[in-house]
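User: Please examine the model shown below. The questions that follow concern the packing of its helices and the pairing of its strands.

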Amino acid sequence: MRALVIEDDAKLSDILVHILERDGFTADAVFDGDAGVEYARSGLYDIILLDVMLPRSDGFTAIRRMRAQGVTAPVLMLTALGAVPDKIEGLDGGADAYMTKPFSPHELRARIRALLRRPGEPPAKEMRAGDVLFDGAAYELRCGPEKVGVSDQEAAVAELFLRNPDRTLTRAQIAAGAWSADAQVEDNSIDAYVSMLRKKLRYLGSATSIETERGVGYRLSTAGARRP
């Protein structure tokens, strides 16, 4: 997954990038509204974090320009302006959610997860990696003509892996990306869900597999798997 941070406070920008990268994102940072709009127009980003008080174009102007130019990625506005009219302006301009500074990293991560699970526009309810399709509407994994159902938590773990194919995820990244912010997730719980997903991939006859990176975490390997 890829995220764009548009924040002119360099220290806060670094913190946001660190949080995102720890959760498995590739994060780009820019420091003014005009640059943010140009980067967002690329269509590369799964989520955008947007400050309001920015040089060149403020966040309210930037979000309106993004939406007018076809940017559909979820946008989370981050600002010290907590008055109701400011929130309304941001949301009416096209933002998907609004957080007032200061905020906790746990709340930020929970908001991001909520936005990325939102039905409808991207992120899509269907995701592919290798020869596997995840149907988020039907809660099914599919490979060719075969399909198998998954539980809510299996779906969250599978979605995280399919968004990060061939990338090693630590248990901390899996816990942060697939469980709620206040959940107390034990390593053996993560291992159990990985084991269940492995069994379901084998049941499907998929060449895509979840490999263990000893001492690090897990990786969804698509080597040798053809996209259906």
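User: How are H1 and H5 oriented to each other?
Analyst: In this predicted model, helix H1 (residues 10–22) packs against helix H5 (residues 105–116) at an angle of about 60 degrees, and their axes are 11 Å apart. Helices are DSSP runs of H or I with at least four residues, strands are runs of E with at least two, and both are numbered from the N terminus. Axes are lines fitted to C-alpha atoms, for helices over the stretch in contact, with angles from 0 to 180 degrees between N-to-C directions. Angles under 35 degrees count as roughly parallel, over 145 as roughly antiparallel, 65 to 115 as roughly perpendicular and the rest as oblique, and H1 and H5 are therefore oblique.

User: How many charged residues does the contact of H1 with H5 have?
Analyst: Ala, Val, Leu, Ile, Met, Phe, Trp, Tyr, Cys and Pro count as nonpolar, Asp, Glu, Lys and Arg as charged, and the others, Gly among them, as polar. By these classes, the contact of H1 with H5 has six nonpolar residues and no polar ones, and its number of charged residues is one.

User: What confidence does the protein chain average, and over which residues is the pLDDT below 50?
Analyst: Residues are numbered from 1 along each chain as its sequence is written, and side-chain values use heavy atoms, with hydrogens and water left out. The protein chain averages a pLDDT of 86, and 92% of the residues score at least 70. Beyond near neighbours in sequence, one stretch with pLDDT below 50 has eleven contacts in the model, namely residues 118–124.

User: At what angle do the axes of H2 and H3 cross, and which residues of H3 make the contact?
Analyst: The axes of helix H2 (residues 33–40) and helix H3 (residues 59–68) come within 9 Å and cross at roughly 20 degrees, which makes H2 roughly parallel to H3. The crossing is right-handed. From H2 the contact takes Gly33, Asp34, Gly36, Val37 and Ala40, and from H3 it takes Ala62, Arg65 and Met66.

User: How many charged residues are in the contact of H3 with H4?
Analyst: The axes of H3 and helix H4 (residues 84–93) come within 8 Å and cross at roughly 15 degrees, so H3 is roughly parallel to H4. H3 passes H4 in a left-handed crossing. Phe60, Ile63, Arg64 and Arg67 of H3 meet Asp86, Glu89, Gly90 and Gly93 of H4. This contact divides into two nonpolar residues, two polar residues and charged residues numbering four.

User: Which residue in the turn between S7 and S8 has a positive phi?
Analyst: Three bridges join S7 to S8, which run antiparallel, and in S8 the bridge partner of Asp135 is Glu140. The two strands form a hairpin with four residues between them, and the residue with a positive phi of about 55 degrees is Tyr139.

User: What is the bridge partner of Glu211 in S12?
Analyst: S10, S12 and S11 form, in that order, an open antiparallel sheet of three strands. S11 and strand S12 (residues 217–221) pair over five bridges. In S12, the partner of Glu211 is Arg219.

Terms used. This is a predicted model: local features need pLDDT of at least 70, side-chain atom pairs count only at pLDDT 80 or more; totals for chains, interfaces and linings use all residues. A crossing is left-handed if the near helix is turned anticlockwise from the far one by less than a right angle, and right-handed if clockwise. Contact means heavy atoms within 4.5 Å. pLDDT is the predictor's confidence in each residue, from 0 to 100. Two strands pair if DSSP finds at least two bridges between them.
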